[in-house]
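Here is a short report on one protein chain. Keep the structure in view as you read.

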Amino acid sequence: MKINDTPGHWNMELTMESLDIPPDYIYPAFVFGTLTYVMILFCNILVVTTIVFTKSLHSPMFILLLNLPVLDIMGATALFPQLLHSIVSKDRSISYPGCFLQALLIHIYGSGNFLFLTAMAYDRYIAICLPLRYHSLMTSNILIRIIVVVWLFDIFIMAVLFGISTRFKFCMNNIVDVFCNNPSLVKLICEDSSVNNYYGLFTIILIQGGSLILVIYTYIQILLTCVTTKQSDARGKALQTCGTHLIVFIFLQINCCIVLMSHRFESVSPYLRRALGVSGIVYPPVLNPLIYGFKTQELRRNIIRILRRSCFAHVKH
């Protein structure tokens, strides 16, 4: 649907693609979505609470890990409340500021996951390949700087991406997706959006490609250290601390690659594109706390301890 190409698109009302949910499945879909959102909040808040209130987990690895559930909560909260409301109300309209904010938070969530997983790979590289220098290279001050720099860089590069879009006029108001994102917003532009496309490609290469190169390099070094060392505990430590990290990173890379390719090729079914887009936001927040909770022994043990303590406290009252 075309609209007047006036620059005041902050007052625009956009319409997202219909969910096409049959009437009989509206409330089951709402209940399922609500339970999924509640589970995401519960599992990720549990991981955050466990790390914050367990002194033995106040190591650089777990402090960096703490940022992943925070990002997962951000991404899920950017999607689910608006989606659940539209399921019940059958109203797929959204204001441009609301769409802009949703898209910005979702992209910060996605890129932030890559950046912090890369920082965690660097931490594991130092811990396993340079163990004698670990405490001097990963001090509290350096750790805080890494976290602050990652967050600021993540927010800045995504703010620039969406700031470029605000300069253009929109001649459409139909979002071709079930949630707002940069590719869908760019398709509303009636002018030459090459600058936005080039910068978007630059961010993909920088964040997703850069993180892939750095993680591959660190894991090659870790594997070489495990092969050459004579200490069996080094191998065990590498497998225990790196296995979960690698699973999460590979899953995120594959998921994001599939979603990006679905937007680049017009021949992809719009239904498949929507399903892949939602999966990229829903699956990581659901699976990440489960993977880290079950596969990381120290974290799993403390999560169980906190759950037991909470249950006993509830029974006493």
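Helix α3 passes α7 in a left-handed crossing. Keep in mind that this is a predicted model. Helix α3 covers residues 96-129, and helix α7 covers residues 194-228. Their axes come within 9 Å and cross at roughly 20°. Angles under 35 degrees count as roughly parallel, so α3 is roughly parallel to α7.

Which residues of α3 and α7 make the contact? On α3, they include Phe-114, Leu-115, Ala-121 and Ile-128. Among them on α7 are Ile-207, Leu-214, Val-215 and Ile-222. By class, the contact of α3 with α7 has 11 nonpolar, 7 polar and 1 charged residues.

## The whole chain

The chain has 317 residues. It has 10 helices and 3 strands. From the N terminus on, the order is β-α-α-β-α-α-α-β-α-α-α-α-α.

Buried residues make up 47% of the chain. The chain exposes about 16600 Å², and carbon and sulfur atoms supply 70% of that area.

## A look at Ser-165

Where is Ser-165 placed? Ser-165 lies in helix α5, which covers residues 140-165. Is Ser-165 buried or exposed? Its relative accessible area is 2%. Buried means under 20%, so Ser-165 is buried.

Leave aside residues up to four places away in sequence. Ser-165 then touches Phe-170, Asn-182 and Asn-196.

Technical notes
Residues numbered from 1 in each chain as written. Predicted model: local features only at pLDDT ≥ 70, side-chain atom pairs only at ≥ 80, totals over all residues. Heavy atoms only, no water. Helix = DSSP H or I, 4+ residues; strand = E, 2+ residues; numbered from the N terminus. Buried < 20%, exposed > 50% of the residue type's maximum accessible area, 1.4 Å probe, protein only. Contact = heavy atoms within 4.5 Å. Areas by Shrake-Rupley, 256 points an atom, 1.4 Å probe, with all protein chains shown as cover. Axes fitted to C-alpha atoms, helices over the stretch in contact; angles between N-to-C directions. Parallel < 35°, antiparallel > 145°, perpendicular 65-115°, else oblique. Left-handed = near helix turned anticlockwise from the far one by under 90°. Nonpolar A, V, L, I, M, F, W, Y, C, P; charged D, E, K, R; others polar.
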